[in-house]
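I opened this model to look up its salt bridges and the contact between its chains. My notes follow in the order in which I checked things.

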Amino acid sequence: MKYLCLVYLSPEHWNSASDDACIACGDQLRRSGKLLGGSPLHPVNTATTVRVRHGQVSVTDGPFAETKEQLAGFYMVEARDLNEAIQIASKIPPAQFGSIEVRPTRELVPGVTQAAAAAAP
Amino acid sequence: MPSADIARVRAEIDALYRRESRRIFATLIRLLGDFERAEEALSDAFRAAMEKWPADGLPQNPVSWLISAGRFKSIDRQRREKRFDHLEDRPDVAETLTDNAPAFDEREGLLEDDRLRLVFTCCHPAIAPDAQVALTLREVCGLATEEIAAAFLTPAPTIAQRIVRAKGKIRDANIPYQVPSRDELPARLDSVLRVVYLVFNEGYSASSGDSATRPDLSGEAIRLGRLLRELIPEPEVQGLLALMLLHESRREARATPDGDLILLDEQDRSRWNRELIEEGAALTRAAFSAQRVGTYSLQAAIAAVHAESPSAAETDWSEIIGLYDLLLRIQPSPIIALNRTVAVAQLRGPQLGLEHLDELLADGALDEYQLAHAARADFCRRLGRNDEARAAYTRAIELTAQGPARRFLERRRAALQA
(Lines give C-alpha, C1' and ligand atoms only; values in the text may rest on other atoms or scores of the structure.)
Protein backbone atom coordinates (compact mmCIF):
# COMPACT_ATOMS: atom_id res chain seq x y z
CA MET A 1 0.00 0.00 0.00
CA LYS A 2 1.27 3.48 -0.85
CA TYR A 3 1.47 6.22 1.77
CA LEU A 4 2.35 9.86 1.25
CA CYS A 5 4.40 11.23 4.15
CA LEU A 6 3.95 14.99 4.20
CA VAL A 7 6.64 16.88 6.09
CA TYR A 8 5.44 19.98 7.96
CA LEU A 9 7.81 22.50 9.54
CA SER A 10 7.41 25.89 11.14
CA PRO A 11 9.49 28.57 9.36
CA GLU A 12 12.07 28.79 12.15
CA HIS A 13 12.87 25.11 11.71
CA TRP A 14 12.89 25.19 7.93
CA ASN A 15 16.61 24.37 7.68
CA SER A 16 16.99 22.41 10.92
CA ALA A 17 17.36 18.99 9.26
CA SER A 18 20.52 18.98 7.15
CA ASP A 19 20.35 17.98 3.50
CA ASP A 20 22.96 15.30 4.25
CA ALA A 21 20.67 13.69 6.82
CA CYS A 22 17.74 13.77 4.38
CA ILE A 23 19.88 12.32 1.56
CA ALA A 24 21.02 9.48 3.85
CA CYS A 25 17.42 8.77 4.88
CA GLY A 26 16.27 8.74 1.24
CA ASP A 27 19.12 6.45 0.19
CA GLN A 28 18.33 3.97 2.91
CA LEU A 29 14.62 3.92 2.00
CA ARG A 30 15.45 3.52 -1.69
CA ARG A 31 17.75 0.56 -0.99
CA SER A 32 14.99 -1.19 0.95
CA GLY A 33 12.69 -0.64 -2.02
CA LYS A 34 10.23 1.42 -0.01
CA LEU A 35 10.83 4.86 -1.50
CA LEU A 36 8.70 5.63 -4.55
CA GLY A 37 9.56 9.31 -4.78
CA GLY A 38 9.84 12.53 -2.86
CA SER A 39 11.35 15.97 -2.67
CA PRO A 40 11.91 18.89 -0.34
CA LEU A 41 10.00 22.05 -1.25
CA HIS A 42 10.89 25.71 -1.37
CA PRO A 43 9.12 27.82 1.28
CA VAL A 44 5.47 28.82 0.85
CA ASN A 45 6.31 32.34 -0.38
CA THR A 46 7.27 30.65 -3.67
CA ALA A 47 3.83 29.06 -4.04
CA THR A 48 1.28 29.99 -6.69
CA THR A 49 -2.31 28.81 -6.62
CA VAL A 50 -4.24 27.97 -9.78
CA ARG A 51 -8.04 27.68 -10.06
CA VAL A 52 -10.42 27.27 -12.95
CA ARG A 53 -13.89 28.76 -12.43
CA HIS A 54 -16.43 28.95 -15.24
CA GLY A 55 -13.69 28.23 -17.73
CA GLN A 56 -11.55 31.14 -16.48
CA VAL A 57 -8.07 30.42 -15.17
CA SER A 58 -7.19 32.48 -12.12
CA VAL A 59 -3.71 32.55 -10.65
CA THR A 60 -3.02 33.92 -7.18
CA ASP A 61 -0.05 34.40 -4.94
CA GLY A 62 0.71 32.02 -2.13
CA PRO A 63 -1.38 29.65 -0.06
CA PHE A 64 -4.14 31.12 2.07
CA ALA A 65 -4.15 29.09 5.23
CA GLU A 66 -2.31 30.87 8.00
CA THR A 67 -0.79 27.77 9.60
CA LYS A 68 2.05 27.61 12.03
CA GLU A 69 3.58 24.67 10.21
CA GLN A 70 3.93 24.62 6.45
CA LEU A 71 4.39 21.85 3.94
CA ALA A 72 8.15 21.47 3.51
CA GLY A 73 8.46 18.29 1.48
CA PHE A 74 7.08 14.84 0.83
CA TYR A 75 8.01 11.18 0.58
CA MET A 76 5.92 8.65 -1.29
CA VAL A 77 6.56 5.27 0.29
CA GLU A 78 5.41 1.69 -0.09
CA ALA A 79 4.49 0.09 3.25
CA ARG A 80 2.79 -3.10 4.38
CA ASP A 81 0.38 -1.25 6.68
CA LEU A 82 0.05 1.90 8.76
CA ASN A 83 2.46 0.61 11.40
CA GLU A 84 5.25 0.26 8.86
CA ALA A 85 4.40 3.66 7.38
CA ILE A 86 4.62 5.19 10.87
CA GLN A 87 7.98 3.50 11.40
CA ILE A 88 9.29 4.95 8.14
CA ALA A 89 7.90 8.40 8.94
CA SER A 90 9.54 8.37 12.36
CA LYS A 91 12.95 8.05 10.66
CA ILE A 92 12.46 11.05 8.36
CA PRO A 93 14.91 13.64 9.78
CA PRO A 94 12.53 16.66 10.03
CA ALA A 95 10.23 14.53 12.25
CA GLN A 96 12.46 15.74 15.08
CA PHE A 97 11.57 19.40 14.51
CA GLY A 98 8.19 19.43 12.78
CA SER A 99 5.55 16.83 12.04
CA ILE A 100 4.94 14.18 9.40
CA GLU A 101 1.40 13.63 8.21
CA VAL A 102 0.99 10.07 6.95
CA ARG A 103 -1.82 9.66 4.43
CA PRO A 104 -2.78 6.48 2.61
CA THR A 105 -3.25 6.99 -1.11
CA ARG A 106 -6.24 5.58 -2.93
CA GLU A 107 -6.80 4.35 -6.47
CA LEU A 108 -8.83 6.47 -8.85
CA VAL A 109 -11.96 4.53 -9.74
CA PRO A 110 -13.53 5.11 -13.19
CA GLY A 111 -17.07 6.37 -12.92
CA VAL A 112 -16.73 7.64 -9.36
CA THR A 113 -16.80 11.36 -8.63
CA GLN A 114 -14.42 12.76 -6.06
CA ALA A 115 -17.23 13.73 -3.70
CA ALA A 116 -18.74 10.24 -3.78
CA ALA A 117 -15.36 8.64 -3.06
CA ALA A 118 -14.81 10.93 -0.09
CA ALA A 119 -18.25 10.08 1.31
CA ALA A 120 -17.83 6.33 0.84
CA PRO A 121 -18.24 4.47 4.14
CA MET B 1 -35.62 -34.77 17.19
CA PRO B 2 -38.23 -34.44 19.99
CA SER B 3 -39.32 -30.87 20.62
CA ALA B 4 -37.85 -30.86 24.14
CA ASP B 5 -34.45 -31.57 22.60
CA ILE B 6 -34.95 -28.87 20.00
CA ALA B 7 -35.68 -26.40 22.79
CA ARG B 8 -32.53 -27.58 24.58
CA VAL B 9 -30.39 -27.04 21.46
CA ARG B 10 -31.87 -23.57 20.97
CA ALA B 11 -31.09 -22.67 24.59
CA GLU B 12 -27.55 -23.97 24.05
CA ILE B 13 -27.14 -21.73 20.98
CA ASP B 14 -28.41 -18.75 22.98
CA ALA B 15 -25.89 -19.45 25.70
CA LEU B 16 -23.10 -19.85 23.14
CA TYR B 17 -24.03 -16.51 21.65
CA ARG B 18 -23.83 -14.76 25.00
CA ARG B 19 -20.61 -16.49 26.03
CA GLU B 20 -18.63 -16.78 22.83
CA SER B 21 -19.89 -14.37 20.18
CA ARG B 22 -17.25 -11.67 20.87
CA ARG B 23 -14.42 -14.22 20.60
CA ILE B 24 -15.86 -15.62 17.39
CA PHE B 25 -16.29 -12.07 16.07
CA ALA B 26 -12.64 -11.24 16.80
CA THR B 27 -11.46 -14.33 14.92
CA LEU B 28 -13.73 -13.55 11.98
CA ILE B 29 -12.26 -10.05 11.82
CA ARG B 30 -8.79 -11.55 11.54
CA LEU B 31 -9.88 -14.03 8.87
CA LEU B 32 -11.98 -11.60 6.85
CA GLY B 33 -10.00 -8.43 7.55
CA ASP B 34 -13.09 -6.25 7.81
CA PHE B 35 -15.51 -5.25 10.60
CA GLU B 36 -18.68 -5.23 8.48
CA ARG B 37 -17.99 -8.57 6.81
CA ALA B 38 -17.21 -10.12 10.19
CA GLU B 39 -20.49 -8.77 11.60
CA GLU B 40 -22.47 -10.29 8.72
CA ALA B 41 -20.53 -13.55 8.98
CA LEU B 42 -21.27 -13.77 12.71
CA SER B 43 -25.01 -13.49 12.25
CA ASP B 44 -24.90 -15.83 9.22
CA ALA B 45 -23.05 -18.40 11.33
CA PHE B 46 -25.58 -18.33 14.17
CA ARG B 47 -28.47 -18.45 11.70
CA ALA B 48 -26.91 -21.55 10.13
CA ALA B 49 -26.53 -23.13 13.58
CA MET B 50 -30.22 -22.49 14.28
CA GLU B 51 -31.12 -24.30 11.04
CA LYS B 52 -28.71 -27.24 11.30
CA TRP B 53 -28.14 -28.09 14.94
CA PRO B 54 -31.74 -28.95 15.95
CA ALA B 55 -31.69 -31.64 13.22
CA ASP B 56 -28.04 -32.81 13.36
CA GLY B 57 -27.27 -32.23 17.03
CA LEU B 58 -24.46 -30.09 18.44
CA PRO B 59 -21.11 -30.40 16.63
CA GLN B 60 -18.10 -31.57 18.61
CA ASN B 61 -16.51 -28.13 18.77
CA PRO B 62 -19.32 -25.59 18.37
CA VAL B 63 -17.01 -22.55 18.41
CA SER B 64 -14.84 -23.72 15.53
CA TRP B 65 -17.98 -24.88 13.67
CA LEU B 66 -19.38 -21.34 13.97
CA ILE B 67 -16.11 -19.74 12.86
CA SER B 68 -15.79 -21.99 9.79
CA ALA B 69 -19.46 -21.50 8.92
CA GLY B 70 -19.13 -17.73 9.25
CA ARG B 71 -16.03 -17.69 7.11
CA PHE B 72 -17.49 -19.79 4.30
CA LYS B 73 -20.79 -17.89 4.33
CA SER B 74 -18.78 -14.71 3.91
CA ILE B 75 -16.79 -16.14 0.99
CA ASP B 76 -20.07 -17.22 -0.66
CA ARG B 77 -21.55 -13.81 -0.08
CA GLN B 78 -18.56 -12.08 -1.65
CA ARG B 79 -18.68 -14.37 -4.68
CA ARG B 80 -22.37 -13.54 -5.12
CA GLU B 81 -21.70 -9.83 -4.78
CA LYS B 82 -18.91 -10.03 -7.31
CA ARG B 83 -21.22 -11.53 -9.91
CA PHE B 84 -23.35 -8.40 -9.70
CA ASP B 85 -20.42 -6.10 -9.35
CA HIS B 86 -19.81 -3.92 -12.36
CA LEU B 87 -16.44 -2.65 -11.22
CA GLU B 88 -14.15 -4.99 -13.12
CA ASP B 89 -10.88 -3.98 -11.52
CA ARG B 90 -12.01 -4.65 -8.00
CA PRO B 91 -9.74 -7.30 -6.48
CA ASP B 92 -11.35 -10.65 -5.88
CA VAL B 93 -11.37 -10.70 -2.10
CA ALA B 94 -12.92 -14.15 -2.04
CA GLU B 95 -9.96 -15.60 -3.94
CA THR B 96 -7.35 -14.02 -1.69
CA LEU B 97 -9.28 -15.27 1.33
CA THR B 98 -9.33 -18.91 0.31
CA ASP B 99 -5.73 -18.89 -0.86
CA ASN B 100 -3.83 -16.73 1.59
CA ALA B 101 -5.76 -16.41 4.83
CA PRO B 102 -3.98 -18.05 7.73
CA ALA B 103 -5.44 -21.47 8.40
CA PHE B 104 -7.91 -21.56 11.24
CA ASP B 105 -6.42 -23.13 14.29
CA GLU B 106 -8.54 -24.73 16.98
CA ARG B 107 -6.20 -24.00 19.85
CA GLU B 108 -7.88 -21.89 22.52
CA GLY B 109 -4.91 -19.54 22.71
CA LEU B 110 -5.35 -18.37 19.17
CA LEU B 111 -8.94 -17.33 19.80
CA GLU B 112 -7.77 -15.28 22.78
CA ASP B 113 -5.02 -13.76 20.65
CA ASP B 114 -7.66 -12.66 18.19
CA ARG B 115 -9.51 -10.80 20.90
CA LEU B 116 -6.31 -9.13 22.00
CA ARG B 117 -5.47 -8.25 18.41
CA LEU B 118 -8.85 -6.58 18.24
CA VAL B 119 -8.22 -4.62 21.45
CA PHE B 120 -4.93 -3.32 20.04
CA THR B 121 -6.58 -2.45 16.73
CA CYS B 122 -9.34 -0.47 18.46
CA CYS B 123 -6.80 1.31 20.71
CA HIS B 124 -4.30 2.10 17.95
CA PRO B 125 -2.71 5.49 18.71
CA ALA B 126 -3.64 6.65 15.19
CA ILE B 127 -7.30 6.62 16.30
CA ALA B 128 -8.65 9.57 18.29
CA PRO B 129 -8.67 8.75 22.03
CA ASP B 130 -12.43 9.18 22.55
CA ALA B 131 -13.07 6.95 19.54
CA GLN B 132 -10.70 4.31 20.98
CA VAL B 133 -12.92 3.93 24.04
CA ALA B 134 -16.17 3.83 22.06
CA LEU B 135 -14.77 1.37 19.53
CA THR B 136 -13.38 -0.96 22.21
CA LEU B 137 -16.68 -1.02 24.09
CA ARG B 138 -18.62 -1.63 20.89
CA GLU B 139 -16.43 -4.20 19.12
CA VAL B 140 -14.54 -5.97 21.90
CA CYS B 141 -17.09 -5.81 24.72
CA GLY B 142 -20.16 -5.96 22.48
CA LEU B 143 -21.96 -3.02 24.11
CA ALA B 144 -24.70 -1.35 22.08
CA THR B 145 -24.01 2.15 20.81
CA GLU B 146 -26.86 3.48 22.99
CA GLU B 147 -25.32 1.95 26.13
CA ILE B 148 -21.94 3.54 25.39
CA ALA B 149 -23.66 6.86 24.74
CA ALA B 150 -25.46 6.64 28.09
CA ALA B 151 -22.27 5.74 29.95
CA PHE B 152 -20.36 8.73 28.58
CA LEU B 153 -23.26 11.21 28.52
CA THR B 154 -22.83 11.73 24.79
CA PRO B 155 -25.62 11.66 22.19
CA ALA B 156 -25.87 8.24 20.48
CA PRO B 157 -25.46 9.71 16.96
CA THR B 158 -22.14 11.26 18.02
CA ILE B 159 -20.88 7.93 19.35
CA ALA B 160 -22.12 6.13 16.22
CA GLN B 161 -20.28 8.66 14.05
CA ARG B 162 -17.05 8.24 16.00
CA ILE B 163 -17.26 4.47 15.62
CA VAL B 164 -17.97 4.67 11.89
CA ARG B 165 -15.10 7.12 11.37
CA ALA B 166 -12.68 4.98 13.37
CA LYS B 167 -13.65 1.83 11.48
CA GLY B 168 -13.20 3.72 8.20
CA LYS B 169 -9.72 4.78 9.28
CA ILE B 170 -8.80 1.21 10.24
CA ARG B 171 -9.83 0.06 6.78
CA ASP B 172 -8.59 2.96 4.61
CA ALA B 173 -5.29 3.68 6.38
CA ASN B 174 -4.74 -0.08 6.73
CA ILE B 175 -4.25 -0.27 10.47
CA PRO B 176 -3.10 -3.86 11.03
CA TYR B 177 -5.02 -6.39 13.12
CA GLN B 178 -2.12 -7.41 15.28
CA VAL B 179 -0.52 -7.27 18.67
CA PRO B 180 2.45 -4.97 18.08
CA SER B 181 6.00 -6.28 18.02
CA ARG B 182 8.24 -5.99 21.05
CA ASP B 183 9.80 -2.65 20.07
CA GLU B 184 6.42 -1.03 19.40
CA LEU B 185 4.69 -2.58 22.38
CA PRO B 186 5.38 0.00 25.12
CA ALA B 187 3.81 2.91 23.22
CA ARG B 188 0.86 0.83 21.97
CA LEU B 189 0.27 -0.85 25.32
CA ASP B 190 -0.08 2.55 26.99
CA SER B 191 -3.24 3.41 25.06
CA VAL B 192 -4.70 -0.06 25.63
CA LEU B 193 -4.14 0.16 29.39
CA ARG B 194 -5.56 3.68 29.44
CA VAL B 195 -8.73 2.60 27.63
CA VAL B 196 -9.22 -0.45 29.86
CA TYR B 197 -8.81 1.71 32.98
CA LEU B 198 -11.21 4.35 31.61
CA VAL B 199 -13.82 1.66 30.99
CA PHE B 200 -13.27 0.36 34.51
CA ASN B 201 -13.54 3.80 36.09
CA GLU B 202 -16.76 4.59 34.29
CA GLY B 203 -18.13 1.36 35.74
CA TYR B 204 -16.67 1.86 39.18
CA SER B 205 -17.60 5.49 39.61
CA ALA B 206 -20.01 6.66 36.94
CA SER B 207 -19.38 10.26 35.91
CA SER B 208 -23.09 11.01 35.98
CA GLY B 209 -26.49 9.46 36.41
CA ASP B 210 -28.42 8.15 39.33
CA SER B 211 -26.45 5.07 40.20
CA ALA B 212 -22.89 5.44 41.44
CA THR B 213 -21.59 2.42 39.57
CA ARG B 214 -22.09 0.31 36.47
CA PRO B 215 -20.87 -3.19 37.34
CA ASP B 216 -21.21 -4.38 33.73
CA LEU B 217 -18.55 -1.94 32.54
CA SER B 218 -16.06 -2.70 35.30
CA GLY B 219 -16.69 -6.43 34.78
CA GLU B 220 -15.75 -6.05 31.10
CA ALA B 221 -12.65 -4.05 32.00
CA ILE B 222 -11.50 -6.72 34.44
CA ARG B 223 -12.12 -9.42 31.85
CA LEU B 224 -9.95 -7.47 29.36
CA GLY B 225 -7.32 -6.97 32.07
CA ARG B 226 -7.15 -10.71 32.72
CA LEU B 227 -6.88 -11.39 29.00
CA LEU B 228 -4.06 -8.86 28.63
CA ARG B 229 -2.22 -10.30 31.59
CA GLU B 230 -2.33 -13.85 30.23
CA LEU B 231 -0.87 -12.75 26.94
CA ILE B 232 1.45 -9.89 27.92
CA PRO B 233 3.06 -10.53 31.30
CA GLU B 234 4.40 -6.97 31.63
CA PRO B 235 4.54 -5.54 35.16
CA GLU B 236 2.23 -2.62 34.32
CA VAL B 237 -0.39 -5.05 32.98
CA GLN B 238 -0.26 -6.89 36.29
CA GLY B 239 -0.39 -3.55 38.09
CA LEU B 240 -3.51 -2.42 36.24
CA LEU B 241 -5.32 -5.71 36.83
CA ALA B 242 -4.32 -5.57 40.51
CA LEU B 243 -5.60 -1.99 40.79
CA MET B 244 -8.97 -2.91 39.27
CA LEU B 245 -9.39 -6.01 41.44
CA LEU B 246 -8.54 -4.09 44.63
CA HIS B 247 -11.06 -1.34 43.82
CA GLU B 248 -13.65 -3.91 42.81
CA SER B 249 -13.21 -5.75 46.12
CA ARG B 250 -14.88 -2.82 47.90
CA ARG B 251 -17.91 -2.54 45.63
CA GLU B 252 -20.41 -4.12 48.04
CA ALA B 253 -19.35 -1.87 50.91
CA ARG B 254 -19.34 1.43 49.03
CA ALA B 255 -23.05 2.24 49.12
CA THR B 256 -26.08 1.82 51.36
CA PRO B 257 -29.03 -0.25 50.08
CA ASP B 258 -30.58 3.11 49.07
CA GLY B 259 -27.58 3.87 46.88
CA ASP B 260 -25.94 6.46 49.15
CA LEU B 261 -22.14 6.63 49.21
CA ILE B 262 -20.16 5.31 52.18
CA LEU B 263 -16.65 6.74 52.57
CA LEU B 264 -13.62 4.49 52.85
CA ASP B 265 -13.11 5.01 56.61
CA GLU B 266 -16.78 4.25 57.34
CA GLN B 267 -17.07 1.11 55.21
CA ASP B 268 -17.80 -2.28 56.78
CA ARG B 269 -14.52 -4.02 55.95
CA SER B 270 -16.00 -7.48 56.51
CA ARG B 271 -17.95 -6.87 53.31
CA TRP B 272 -14.82 -6.37 51.24
CA ASN B 273 -14.20 -9.29 48.91
CA ARG B 274 -11.21 -11.16 50.41
CA GLU B 275 -10.59 -13.29 47.34
CA LEU B 276 -10.22 -10.23 45.10
CA ILE B 277 -7.99 -8.53 47.68
CA GLU B 278 -5.67 -11.53 47.90
CA GLU B 279 -5.44 -11.83 44.14
CA GLY B 280 -4.88 -8.08 43.73
CA ALA B 281 -2.24 -7.92 46.46
CA ALA B 282 -0.37 -10.91 45.01
CA LEU B 283 -0.39 -9.29 41.57
CA THR B 284 0.88 -6.03 43.06
CA ARG B 285 3.80 -7.86 44.67
CA ALA B 286 4.56 -9.59 41.37
CA ALA B 287 4.53 -6.24 39.55
CA PHE B 288 6.88 -4.73 42.15
CA SER B 289 9.36 -7.59 41.80
CA ALA B 290 10.10 -6.36 38.26
CA GLN B 291 12.79 -3.74 37.72
CA ARG B 292 10.52 -0.97 36.47
CA VAL B 293 7.58 0.19 38.57
CA GLY B 294 4.92 2.15 36.71
CA THR B 295 1.93 4.28 37.61
CA TYR B 296 -0.65 1.46 37.70
CA SER B 297 1.52 -0.69 39.96
CA LEU B 298 2.03 2.23 42.35
CA GLN B 299 -1.69 3.00 42.47
CA ALA B 300 -2.34 -0.71 43.04
CA ALA B 301 0.16 -0.66 45.93
CA ILE B 302 -1.74 2.26 47.51
CA ALA B 303 -5.04 0.41 47.09
CA ALA B 304 -3.41 -2.69 48.62
CA VAL B 305 -2.32 -0.77 51.73
CA HIS B 306 -5.98 0.24 52.26
CA ALA B 307 -7.30 -3.21 51.44
CA GLU B 308 -4.95 -5.07 53.78
CA SER B 309 -5.38 -2.69 56.70
CA PRO B 310 -7.68 -4.20 59.36
CA SER B 311 -9.35 -0.84 60.09
CA ALA B 312 -9.31 2.75 58.88
CA ALA B 313 -7.46 3.84 62.05
CA GLU B 314 -4.68 1.33 61.49
CA THR B 315 -3.97 2.43 57.91
CA ASP B 316 -0.26 3.03 57.28
CA TRP B 317 -0.56 6.60 55.99
CA SER B 318 3.19 7.24 55.85
CA GLU B 319 3.54 4.25 53.50
CA ILE B 320 0.76 5.70 51.35
CA ILE B 321 2.38 9.16 51.29
CA GLY B 322 5.69 7.56 50.24
CA LEU B 323 3.94 5.78 47.37
CA TYR B 324 2.26 9.02 46.27
CA ASP B 325 5.70 10.71 46.26
CA LEU B 326 6.99 8.04 43.87
CA LEU B 327 3.86 8.34 41.75
CA LEU B 328 4.23 12.13 41.52
CA ARG B 329 7.81 11.65 40.34
CA ILE B 330 6.78 9.53 37.32
CA GLN B 331 3.45 11.22 36.66
CA PRO B 332 3.22 14.76 38.00
CA SER B 333 -0.50 15.54 38.16
CA PRO B 334 -2.60 17.87 40.33
CA ILE B 335 -5.08 15.04 41.05
CA ILE B 336 -2.35 12.79 42.44
CA ALA B 337 -1.03 15.74 44.45
CA LEU B 338 -4.56 16.20 45.84
CA ASN B 339 -4.77 12.54 46.87
CA ARG B 340 -1.39 12.85 48.58
CA THR B 341 -2.68 15.89 50.46
CA VAL B 342 -5.66 13.91 51.74
CA ALA B 343 -3.23 11.27 53.04
CA VAL B 344 -1.11 13.98 54.69
CA ALA B 345 -4.22 15.30 56.45
CA GLN B 346 -4.97 11.78 57.73
CA LEU B 347 -1.47 11.43 59.16
CA ARG B 348 -0.73 14.94 60.42
CA GLY B 349 -4.10 16.62 60.80
CA PRO B 350 -6.44 18.80 58.75
CA GLN B 351 -4.49 22.04 59.37
CA LEU B 352 -1.44 20.86 57.40
CA GLY B 353 -3.76 19.25 54.83
CA LEU B 354 -5.52 22.56 54.30
CA GLU B 355 -2.23 24.42 53.85
CA HIS B 356 -1.07 21.92 51.21
CA LEU B 357 -4.45 21.98 49.49
CA ASP B 358 -4.63 25.77 49.30
CA GLU B 359 -1.21 25.81 47.62
CA LEU B 360 -2.55 23.33 45.07
CA LEU B 361 -5.78 25.27 44.53
CA ALA B 362 -3.83 28.52 44.03
CA ASP B 363 -2.41 26.88 40.90
CA GLY B 364 -5.92 26.89 39.33
CA ALA B 365 -5.71 23.44 37.72
CA LEU B 366 -8.09 21.90 40.28
CA ASP B 367 -10.66 24.69 40.11
CA GLU B 368 -13.25 22.58 38.28
CA TYR B 369 -12.48 19.34 40.12
CA GLN B 370 -15.26 18.60 42.62
CA LEU B 371 -13.13 16.36 44.84
CA ALA B 372 -10.68 19.21 45.52
CA HIS B 373 -13.54 21.35 46.89
CA ALA B 374 -15.01 18.38 48.75
CA ALA B 375 -11.62 17.80 50.40
CA ARG B 376 -11.33 21.47 51.35
CA ALA B 377 -14.84 21.36 52.82
CA ASP B 378 -13.89 18.32 54.88
CA PHE B 379 -10.67 19.87 56.22
CA CYS B 380 -12.51 23.10 57.17
CA ARG B 381 -15.31 21.10 58.82
CA ARG B 382 -12.79 19.19 60.93
CA LEU B 383 -11.11 22.49 61.92
CA GLY B 384 -14.50 23.98 62.92
CA ARG B 385 -14.31 26.63 60.17
CA ASN B 386 -17.94 26.07 59.23
CA ASP B 387 -18.55 29.05 56.96
CA GLU B 388 -15.62 28.13 54.75
CA ALA B 389 -16.70 24.49 54.84
CA ARG B 390 -20.23 25.42 53.72
CA ALA B 391 -18.90 27.50 50.80
CA ALA B 392 -16.62 24.66 49.69
CA TYR B 393 -19.45 22.08 49.88
CA THR B 394 -21.61 24.39 47.77
CA ARG B 395 -18.90 24.68 45.12
CA ALA B 396 -18.33 20.89 45.13
CA ILE B 397 -22.08 20.24 44.76
CA GLU B 398 -22.24 22.61 41.76
CA LEU B 399 -19.54 20.54 40.06
CA THR B 400 -21.05 17.09 40.75
CA ALA B 401 -23.30 15.48 38.14
CA GLN B 402 -23.64 12.10 39.85
CA GLY B 403 -26.73 11.67 42.07
CA PRO B 404 -25.31 9.71 45.04
CA ALA B 405 -22.22 11.92 45.32
CA ARG B 406 -24.40 15.06 45.31
CA ARG B 407 -26.66 13.65 48.02
CA PHE B 408 -23.61 12.82 50.14
CA LEU B 409 -22.22 16.34 49.90
CA GLU B 410 -25.65 17.90 50.59
CA ARG B 411 -26.03 15.78 53.74
CA ARG B 412 -22.59 16.85 54.93
CA ARG B 413 -23.40 20.50 54.30
CA ALA B 414 -26.72 20.23 56.12
CA ALA B 415 -25.03 18.64 59.14
CA LEU B 416 -22.78 21.67 59.64
CA GLN B 417 -23.74 23.75 62.69
CA ALA B 418 -24.60 27.33 61.86
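I began with Glu398(B) and Arg395(B), which both sit in helix α18 of chain B, three residues apart, about one turn of the helix. Their side chains form a salt bridge at 3.3 Å, N to O. The model is predicted, so I read these distances as computed values. Glu398(B) is exposed, at 53% relative accessibility. Arg395(B) is partly exposed, at 25%.

Next I followed Arg395(B) to Glu368(B), where I found a salt bridge at 3.4 Å, N to O. This pair links distant parts of the chain, 27 residues apart. Glu368(B) lies in the loop between α16 (350-362) and α17 (370-382) of chain B. I noted Glu368(B) as exposed, at 57% relative accessibility.

I then checked helix α10 (residues 215-231) of chain B. Glu220(B) and Arg223(B) are three residues apart there, about one helical turn. Their salt bridge is 3.0 Å, N to O. Is Glu220(B) buried or exposed? Glu220(B) is buried, with a relative accessible area of 17%. Arg223(B) is partly exposed at 27%.

How many fall between chain A and chain B? The count there is zero. The rule does find five residue pairs in polar contact across this interface, both residues at pLDDT 80 or more. On the chain A side, helix α2 (residues 82-90) gives the most, with four residues. That side divides into eight nonpolar, two polar and two charged residues.

Last, I noted the buried area between the chains: about 980 Å², with 48% from carbon and sulfur atoms.

Terms used
Residues are numbered from 1 along each chain as its sequence is written. Chains are lettered from A and ligands numbered from 1 in the order in which they are written. This is a predicted model: local features need pLDDT of at least 70, side-chain atom pairs count only at pLDDT 80 or more; totals for chains, interfaces and linings use all residues. Side-chain values use heavy atoms; hydrogens and water are left out. Buried area is the accessible area (1.4 Å probe) that two parts lose on being put together, summed over both. A salt bridge is a side-chain nitrogen of Lys or Arg within 4 Å of a carboxyl oxygen of Asp or Glu. A polar contact is a pair of N or O atoms within 3.5 Å; within protein, one must be able to donate a hydrogen and the other to accept it, and residues adjacent in sequence count only if both atoms are side-chain atoms. Helices (H or I, at least four residues) and strands (E, at least two) are DSSP runs, numbered from the N terminus. Ala, Val, Leu, Ile, Met, Phe, Trp, Tyr, Cys and Pro count as nonpolar, Asp, Glu, Lys and Arg as charged, and the others, Gly among them, as polar. Buried means under 20% relative accessible area, exposed over 50%, partly exposed in between (1.4 Å probe, protein chains only).
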